[in-house]
Every structure is written in structure tokens, then in C-alpha cells.
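Please walk me through the aromatic contacts of this structure, stop by stop. I have it open in a viewer and want to know what to select next.

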Amino acid sequence: MLSFFAACLVKLPLRSCRISLQTVYLLIVYAFGSTTLYAANDVHFSGFASIGAGKLDRKDDMRFMDYDSDWSFRSDTILGVQALVNVSQRWSATAQVVSRGFTFDKKSDFEPTLEWLFAKYQWTPETSTRIGRMRTPLYLYSDTLEIGYSYPWSRPPVDTYTFLLSAISDFNGLDVSTSFDLGSTYVDFRAFAGAKKGKYLEFDLEFKKIIGTNFKFHWDNLSIRYGVTVAETDASSKSLEPLTEGYEFASILDPIFTEIAEAHITESAWFQYHGLGLQWDLDSWTLIAEQYLVNGPEEGFANDAIGWYFSISRQMGHFVPYAVVGYYKNYFNGQVKQLVQDSESVVAPGIIPLLDTLREVDLEVIDRYNERGESYTLGIRYDFHTNADIKFELQFLESTALLLGDELDSPDEETLVTSIVLDLVF
Amino acid sequence: MTILKFFSTIKCNRNKVGVLAAILSACSYVSLAHAELAVVVHPSNPVTTFSQREISKLYLGRLHLFPGTSQNIILIDQQESQPSYQEFYRDLVKIRFEKLKRYRAAYLFSGRGNLPIQLSSDEKVKEYVSRHKDAIGYIDASLVDASVKSIYQFPQE
């Protein structure tokens, strides 16, 4: 089983997180086949689903996820199945395949994606190692991004669970986790390392090395989490090529234009991702708050970003009304802008119109990344069944299109998203 | 609820004379609502005793082998409608039911392990534990016999 598992993992193209239905079928058949060796209860199948409907109040073409002004069922609709196999006392294997109505690489709508595939070895009651494809623990809810049943909202708060980080939301590698008591505090610790290739809108991203740790401190009613991840990153985009080519051509005028061209490249750039979160249960009230910070290099095509949200909810019988406030800001590093301004003293505006246009367009493109967003959310969750809930949510977003995952930029930044999501676990 | 908790902390020893009748009647009510529970394992299990914290960790899936052994754990649970279930999670594991359900969904689908097997009565739990060397469950303490080993009693004497 393990050799098959390992072979399967190696065969999967790193570039794509997707596998064919046939592979999934083979995995499941193989898992079933292997039950002859072990007791029947050593293979466990389970699943989850969210069926979401939503619309925007906007009449123009701007979208949030795939929502527009008409009701549609794609964006929040997710189906997942999981197989967990206990191979021996200490070895187990988990595979999870998820089909989502909306993804940010714009390719895999409802295409089954292998989100988790790992083998786990349990060293002691508290300590284990996993090898395979796992979720990058950037946030409190990283492990259960798609399990709507596990959180109060229609979807994790958009300001923090930013789509910019969707490409690094999982990785291929290994991790070690352990837990221990520190007085009355229960501590979860995890360290991990790996790599990942992915896409975000028109960007091809390669995280050549991902290394991180994660601490969770639990008391009876309070959990606090801190995680830091560093990633050596290459990023490229076809949409930037006309700009870099233009500057390279202009380098016959002055070497500064070579510098500008190079400032559009992200190569082996180390980014840091910090995440701080807390969950506090006070009788029937629950407070959840998280803040993240992305710290990029000062040179090249790179950004810093911060985001946070604060959520308050109250359990009232089977109902959970909730309110969330969130904020997000992306700071693009100033190198390109500085160099473009410097170049104006070398070749002044008005001399070469084509160069003027190039610089103008470039500054506009750069400025699009200096964006900010706010969100205000009100909603109610109703647990109508042991394994199912339904949520009704109104989310007011004030944000540029890029944060929302849309390439269309619009001066009108206000959007009201209405959504109804039904979550199931089975 | 607070009153019940208060009374449940009072030792319901009926041999003691001189206890107010009102408290006695409250105690007998409490003893009906809060049957004594025993956490039981297979007699061959090397574990002899557990702390409340260890049991809480076990049922939150924070221990993946029996402490001090290389023995796997099969958690046996009761059904939500049963009084044992409610008492067990409220007073021993100390987690709200709604939170527990969400926690379990997150636990399962982040690949951390299996969920407990739910059985519909104390007798069924006892029978399962007596037949499976890796199993652990909780039952009404009055049902404990040689087929299972009690490693924790609740409420504690």
C-alpha cells in the first residue's frame, strides 16, 4: 500500500494539484482491495459538501469570485471525499479529493483536485510525521478551508484568507507534529518543509522551498495560534512581458532601463508569512480574530501585506448569528516606482512618446497592486441537523477588483454579496 | 443549571444523618440525572488508570496511542441523545456539544484521524470494549464486570 502510495505521489505532477478521476478511482479501489489484509474498520470513507448560492448587487461586469448580479450556484459549491486507511499500528494514509465550483487558477471549476495525500507515522501518542501533500498552516482554519461545517461563516473571511495566498495554500513535503502540556496549557507544535507550484490569476508561482512552524496554545475556552512560514519564490506573468521587453529595448538609451526590467522579476525571493489567531468561547459567545502579515523583499517585483478580521458569534439554540469586520492592505515595494521616476531624469518625458506610454502604463499596473479592502459581514447559521447547517449571509465589501480575484479594475469599489450556503458532512 | 452543578458537587452519601431533607431530595434527583460513569478498556490493556485530562485528550483525538504503550486506540462513543453522552462531554471532556461537532468535522477532514464509533447503549459499548483489545468507552459504572477494566470513575469519590 505504501509503495503504491509513494509511487502515486511521485507520479503526480507537482505543477498541477489535479489528478484524474481515474486515479481517484484506482486509489479507492486499491484502498478497498487492501482491506483483505486488515479488519474492515481500517478503511474509513467520509465526505463533505457545501451547496452555495449567491449574487452581487452590482449591475456591471465586476465579480466577486464567480458571483455577478444574477443568482448562481458555482462559487461556494464544494464537494469532497476522503479515504483514511490504517495500514498498521503506526502507519496510516489519507487521501482527500475536492471538487470546487470556483478556483483562482481559473481552470479547475469542479475538476477533482487532490488536496491531501499523505502517509503518517505515529512515533508516540503525541508525535507523528507526515509525508505527502498537505495544507500549509497559514491560518487558524487552513486545515478546513473547504469544510463550511467547521466555521460559522459562508466562507473564511476574505480579508485574511486572501486569494493572493491561494497558490501556497498547500504544499508537497513533510511535517512533524507533537503536543505537550505546559502547566494547564496544552501546546500543539508543528514544523514543516516542502515545495509547491501554482497559479494566481495570470501569475505562475513557484515556491521552491517552504519552511515553517506553528504553535497552538489551548486552555479550556481559549486557543491562541502563531505560525510563521518562509518561502523562496519565483513568480512570472505573461502580462508583464510587454513591459520588461519594452524596458530591455530602451536599455540602449541607458542602463537604468535594464534595472527597471529586472525589477519586474521575482526570482528566488524570500517571503515571510506570519499569522496570529485566537478563538475565545465565553459562555454562548465566541470571538475569533486573526491577523496575518506578508513580508516580501525590498527589491524586485514583490509586496508586503497585512490583513485581519474580528468575528463575534453567539450560539442561541440551533442558531448562530454572527458579525465580522475585516481589513486588508497590500503594499507593493517601491523599487519599480523609484526607478521609473529616476529614469525621467535620464530620458525626460516628452522626448520619446513610446517610452512615456510604457512608464505611464507601468506605474498604473504597479499602483493596482497597492490596494486595500474592507469587509463587513452579517449572517446567521442554523444547525438544522446533526451533520448539516444552512447559512444566510450579507457581506458588504469595499475593495478593488484585484483583491476579489477579478482582473477588471473598477473605480466603484462597493459590493454587497448575498449568499446562502448549505453545509453537510457525511 | 448552576444549582444542579452545585448539588452535584455535594457528596450524596445517604448513610450520613443530619443532612437537610431538601438537599437529600436534590441529591437523589442529581444522582438520577448524573449516573456514575466508568471509563472502560479491554482487560488486557496495560493501562491501569487515567487522569481526567488524559481522557479529555483521548476524546479530543489528541493522543493517538495509549500512553506508555504502542497500542492503537479505538474510541467508542455513545449517541448524542443519551444522558451518558451529555454528562461525559459536559463534565469530563469539558466541551460544548456544538463546538464538539465542529471540532470533530475539522479533525476528520484535516486527516488527523478517525472519529469515535458511536454505539446506541451502555451494554453495546461494554460488549464492544470486551471484544476489542484497542477499544475504550464509557458506560454506567453499575455495569462494570470482569469483561472490561475500569480505569476512571466519574464523578470521583
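The tour below covers aromatic pairs, a cluster, and charges over rings.

The model is predicted. A search over all chains of the whole structure gives 30 aromatic pairs. Start by selecting A:Trp116 and A:Phe118, an edge-to-face pair with 5.9 Å from centre to centre and 65° between the planes. The angle is over 60 degrees, so the pair counts as edge-to-face. Next, colour by accessibility: A:Trp116 has 0% relative accessibility, which is under 20%, so A:Trp116 counts as buried. A:Phe118 is likewise buried because its relative accessible area is 0%.

Move to chain B and select B:Tyr59 with B:Tyr89. These rings form an edge-to-face pair, with 6.3 Å centre to centre and 80° between the planes. Show the helices as well: B:Tyr59 belongs to helix α3 (residues 52-59) of chain B, and B:Tyr89 to helix α4 (residues 83-93) of chain B. The two residues are 30 residues apart, and the pair links distant parts of the chain. Both B:Tyr59 and B:Tyr89 are buried.

Return to chain A for a cluster. Select A:Tyr139, A:Tyr141, A:Tyr151, A:Trp153, A:Tyr161, A:Tyr292 and A:Tyr309, which form one aromatic cluster.

The last stops are charges over rings. Which residue lies over the face of A:Phe118? Select A:Arg130, found over that face at 4.7 Å from the ring centre. Finish at A:Tyr331, where A:Lys329 lies over the face of the ring, 4.9 Å from the ring centre.

Technical notes: Residues are numbered from 1 along each chain as its sequence is written. Chains are lettered from A and ligands numbered from 1 in the order in which they are written. This is a predicted model: local features need pLDDT of at least 70, side-chain atom pairs count only at pLDDT 80 or more; totals for chains, interfaces and linings use all residues. Side-chain values use heavy atoms; hydrogens and water are left out. Rings of Phe, Tyr and Trp (its six-membered ring) pair if their centres lie within 6.5 Å; planes under 30 degrees apart count as stacked, over 60 as edge-to-face and the rest as tilted. Buried means under 20% relative accessible area, exposed over 50%, partly exposed in between (1.4 Å probe, protein chains only). Helices (H or I, at least four residues) and strands (E, at least two) are DSSP runs, numbered from the N terminus. A charge sits over a ring if NZ of Lys or CZ of Arg is within 6 Å of the ring centre and within 35 degrees of the ring normal.
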